[in-house]
Amino acid sequence: MIDIFAISLFSSVILLTFGSIFQKFAFNQDINTNKNFSECSIYGIIFLSFLALIINFILPINKLLGDIVCILSASFFLLFFFNSNYKKKLFIFLIFTSIITFFLLVLSTVNRPDAGLYHLPYVRLINDYKIILGASNIHFRFGHISIVQYLSAIYNSNFFATSSITVPLASTTAIFITYLINKFYSLFEKKNNLSFVIFLILIFSLYSFNRYSSYGNDAPSHIYFFILAVIFLDLKNLKKCDVVSFYKICFISIFLLTLKMFMIVILAVPFLMFLISDYKKEIIFNKNFIICIIFAASWILKNTLISGCLVYPIQKTCFKNLNYYDDKRTEETIFVSEAWAKGWSDQNKEEIILKYNEYNKNFNWVKTWKKKHLKKIYEKILPFTVFLAVILIYMILNKLLSIKKLSKYQNIKNSRIYILLSLSILLILLWFLKFPIYRYGSSFIALSIILITTLLFKEYINLMNKKFYTTIIIIGVLGFLFKNSMRITDQFNNNYNQYPWPAIYSLNIKDNNVEKKFKAINYKDKFVYYYNSGELCMYTKSPCSNYKISNLRNLKINSYLLYYLDK
């Protein structure tokens, strides 16, 4: 277990180091003066993810590259640490995030079944190869992977166990929780009612993100959506918004796009800010404008090279003249993905089973969807809404029964609440019409509830005393750790290869987490891919697919591999 804590600690160092480098270059902010380690690490996650993506165009993200990242991080961090004026605060940040990361990882399982289907296989793919043209022909889900897979891949190093590729997701949550706690107390001291919104987001996050196995590619998108919401609500004046704040929101918006494609709606936030801003010229003629273009262009180029589409699987964005693009498969992917998200597999077997495209039409899916998925949404949201109701009742009674005149607080600007609420409702609408699974839309639903509550009960919101909020936050964090401690205790005797790391080679404990050898599929004595005979590929030799594709072919163009379907 010591090695898991060690990499949990070093992960915080890596992300903080790359964040400080990025903030210095992009925002001209010195971490020694800014001293906001969690916010710095948030941008470190973004920078390191895009750095890995850009490198993969020319190199595989192999162990050597991971070693270089570790050595650079350690070197820069030591220089920074010895020059830091906030060593104690830095130490507390590192220990707290490490503990959260450690408890999330020990004896956890990876996301079922998506990690085994395409998250881990794609991480292995980019560990072994530089970008593969037409990679979506190996597995259609490779066409809509998340940038999180690139962040995971760069953690593959000779200094740590191979399973350390599972660390970044847990580190992201730990840093996010730390960020919310710091932001809450910072605004609390200023008597800003935004601290109440942050408090509710923190409680919801401690409740929602306490199980590593449920993360997949969804948790990071919800985390960064909440971060965007906090930064946007904290802006003093949209017209006079400074260029640094504008680009912080820009980077997070682009990052959200690479986490989940339907987050494209988020780009409306920086676009609206630009239209309102009095500093349009300063925004355009800024080095960060170029960085944003490079980040966005690298992701779109990656999409095009591996799938033939700017935005996979939206056919209108696809280049049909590319020999590795398959129009029929892309169209099928649209129907299949949407139907499964709407509960297609839950149809009553005694009735007529609708085909994917028919199931998706005319709200035919609602009857089946509401029996299981809607019920799950109620179950997930109910504890938070009950907690919210109790807090509101307490606040209302506190105001009505208080003899003393309560202090006045700085309110959030209604205009920003309305903008963010409109965006959340738009995302909920898009989510409901296309992918109405709770794990895809939890942050939109939660934020909408929080913002509506803030608007309706604004006059009753009173921050009361620090001890009240601190007590609830401590209980929430301890509950988070306790739940993971109980899970660890339950799984403690399950011995397997690379115990107690999350298993990356098998989801079945009986398989002992040993890397499997799948059948190599050849064409004319030339290796094409590994076929797993219907099992999960996990983090085995790549390229691997759980689909047997008889017409899959590959060829080499200079030093690049290209996969296409022989028609």
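Modeller: We shall discuss aromatic rings, then a cavity, then disulfides. This is a predicted model, in which local features need pLDDT of at least 70 and side-chain atom pairs count only at pLDDT 80 or more, while totals for chains, interfaces and linings use all residues. Residues are numbered from 1 along each chain as its sequence is written, and side-chain values use heavy atoms, with hydrogens and water left out.

Biologist: How many aromatic pairs does the structure hold?

Modeller: A pair of aromatic rings is described by the distance of the centres and the angle of the planes. Rings of Phe, Tyr and Trp (its six-membered ring) pair if their centres lie within 6.5 Å; planes under 30 degrees apart count as stacked, over 60 as edge-to-face and the rest as tilted. The structure holds 48 such pairs. One of them joins F22 and F251, which are edge-to-face, with 5.1 Å from centre to centre and 75° between the planes. F22 belongs to helix α1 (residues 2-26) and F251 to helix α11 (residues 243-259), so this pair links distant parts of the chain, 229 residues apart. Helices here are DSSP runs of H or I with at least four residues, numbered from the N terminus.

Biologist: Are F22 and F251 buried or exposed?

Modeller: Buried means under 20% relative accessible area, exposed over 50%, and partly exposed in between (1.4 Å probe, protein chains only). F22 is buried because its relative accessible area is 3%, and F251 is buried with 1%. Consider next F188 and Y469: their ring centres are 6.1 Å apart and their planes at 65°, so this pair is edge-to-face. F188 lies in helix α8 (residues 167-189) and Y469 in helix α20 (residues 466-491), so the pair ties together parts 281 residues apart in sequence.

Biologist: What lines the largest cavity?

Modeller: On a 1 Å grid over the protein atoms alone, a cavity is a set of points where a 1.4 Å probe fits but cannot get out, and lining residues have an atom within 4 Å of a point. The largest cavity holds about 170 Å³ of space. Its lining has 16 residues, of which H119, L120, S152, L169 and Y212 lie nearest the centre. Helix α6 gives the most to this lining, with 4 residues.

Biologist: How many disulfides are found in the whole structure?

Modeller: A disulfide is a covalent bond between the sulfur atoms of two cysteines; here, a pair of cysteine sulfur atoms within 2.5 Å counts. The search finds 2 disulfides. C309 is joined to C318, with 2.0 Å from S to S, and the torsion about their S-S bond is about 95°, so this disulfide is right-handed. In the disulfide of C537 and C544 the sulfur atoms are 2.1 Å apart; the torsion about that S-S bond is about -80°, so this disulfide is left-handed.

How values were computed
Helix = DSSP H or I, 4+ residues; strand = E, 2+ residues; numbered from the N terminus. 1 Å grid on protein atoms, 1.4 Å probe; cavity = no way out; pocket = protein on both sides within 12 Å on 5 of 7 lines; lining within 4 Å. Points joined across faces, edges and corners; volume = space filled by probe spheres on them.
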